[in-house]
Amino acid sequence: MTAAAHKTIPELGSIRFENVTKKFGSITALDNVSVEFAANKINVLLGLSGSGKSTMLRHINGLNKPSTGDVWTLGTPVHSASPTTLRALRNNVGMIFQQFHLVESMSVLENVCTGKLGSLRGPRFGLWSYPRYVRENAMEQLARVGLADKAFQRAGTLSGGQQQRAAIARALIQRPTVLLADEPVASLDPLSSAGVIELLAQISREENLTVICSLHQVHIALEFADRIVGLNAGRVVLDRPAAGLTHNDVDGIYAPVPVDERVKIAV
Ligand SMILES: Nc1ncnc2c1ncn2[C@@H]1O[C@H](COP(=O)(O)OP(=O)(O)OP(=O)(O)O)[C@@H](O)[C@H]1O
Ligand SMILES: [Mg+2]
């Protein structure tokens, strides 16, 4: 029997990276990463620009596949999953982005309804082409994120913080088990940033949602994260519960890495 045959299959709720290396040509974006994210908690990824945070998030829902190693998400072996299996997985994994990715000319409510497209058959054109239960649920999600009064406004007219809340509502309508957030507050002012992260923390608690969120703001990570994973040049350099961590502990994540070393790793 091979060593691989002895590996345990991770539990249904967990997200696990096992010896994951991801190369893009001569760049090693992830370098032998082994990590298990805490279920039903806020997990924050910290690291310098280019350290591999987005690449890591994209492995969780199969937008990237490892060059070597295994990624398990909610019991699915992402590293070897077929496109059909990945589509099914993505219904359980919501994602929000720095730039919100709303359709600005569409109403806020219709934007939220589009979050349901993955589980509806056929294309939809216009708000009224969605089943009533979807429209009602979209309204509920908007109320939850504090935007009920903006439902019929064009998304492009909202402030950045409001757009990110709408994007969260769009992700929630999928009823995901996992929410990936790639620098969700990078375009927001400090007050809106805290509001959006607070909302994510509240929803994570209410829904038992596993949140994995990349951030550049260490103070927000220390305040809201349950667990912090630090990446430096594609390697995990910190993986600890956030409670008790200080700015000093986190500073080490940001040590500069010579560019040559990353190229050397890839050869
Ligand atoms: N599709 C791709 N093709 C080539 N290189 C890529 C690709 N995606 C990522 N990379 C490289 O992989 C490395 C990690 O990138 P990644 O986007 O994951 O970093 P990051 O930590 O999210 O950075 P930032 O904080 O700037 O968003 C970078 O060197 C990047 O240029
Ligand atoms: Mg990124």
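Contact here means heavy atoms within 4.5 Å. This is a predicted model: local features need pLDDT of at least 70, side-chain atom pairs count only at pLDDT 80 or more, and totals for chains, interfaces and linings use all residues. Residues are numbered from 1 along each chain as its sequence is written, chains are lettered from A and ligands numbered from 1 in the order in which they are written, and side-chain values use heavy atoms, with hydrogens and water left out.

**Stop 1: the domains.** Colour 22-92 + 176-267 as domain 1 and 106-175 as domain 2. These bounds come from an automatic or database domain assignment. The two centres, taken over C-alpha atoms, are 26 Å apart. At the boundary, 17 residues of domain 1 touch 13 residues of domain 2.

**Stop 2: the four-stranded sheet.** Helices (H or I, at least four residues) and strands (E, at least two) are DSSP runs, numbered from the N terminus. Select β2, β1, β4 and β5, in that order: they form an open, antiparallel sheet. Two strands pair if DSSP finds at least two bridges between them. The edges are β2 (27-37) and β5 (76-77); each has a single partner strand, so one side of each lacks a neighbour in the sheet. Now zoom in on β1 (15-24) and β4 (68-73), an antiparallel pair with five bridges. Pick R16: its bridge partner in β4 is W72.

**Stop 3: the six-stranded sheet.** Next, show β6-β7-β8-β3-β9-β10, an open sheet of six strands with mixed pairing. β6 (93-97) and β10 (235-241) are the edge strands, each with a single partner, so one side of each is left without a neighbour in the sheet. From one strand to the next, the twist averages 15°. Angles run from 0 to 180 degrees between N-to-C directions, and axes are lines fitted to C-alpha atoms, for helices over the stretch in contact. Inside this sheet, β3 (42-47) runs parallel to β8 (210-214), paired over four bridges. Click L45 and look across to S214, its bridge partner in β8.

**Stop 4: a helix pair.** Select α5 (160-172) and α6 (190-207). Their axes come within 9 Å and cross at roughly 20°. The two helices are therefore roughly parallel (angles under 35 degrees). Show side chains at the contact: G161, Q164, R165, I168 and L172 on α5, facing S192, G195, V196, L199, L200 and I203 on α6. These residues divide into six nonpolar, four polar and one charged. Ala, Val, Leu, Ile, Met, Phe, Trp, Tyr, Cys and Pro count as nonpolar, Asp, Glu, Lys and Arg as charged, and the others, Gly among them, as polar.

Terms used:
Angles under 35 degrees count as roughly parallel, over 145 as roughly antiparallel, 65 to 115 as roughly perpendicular and the rest as oblique.
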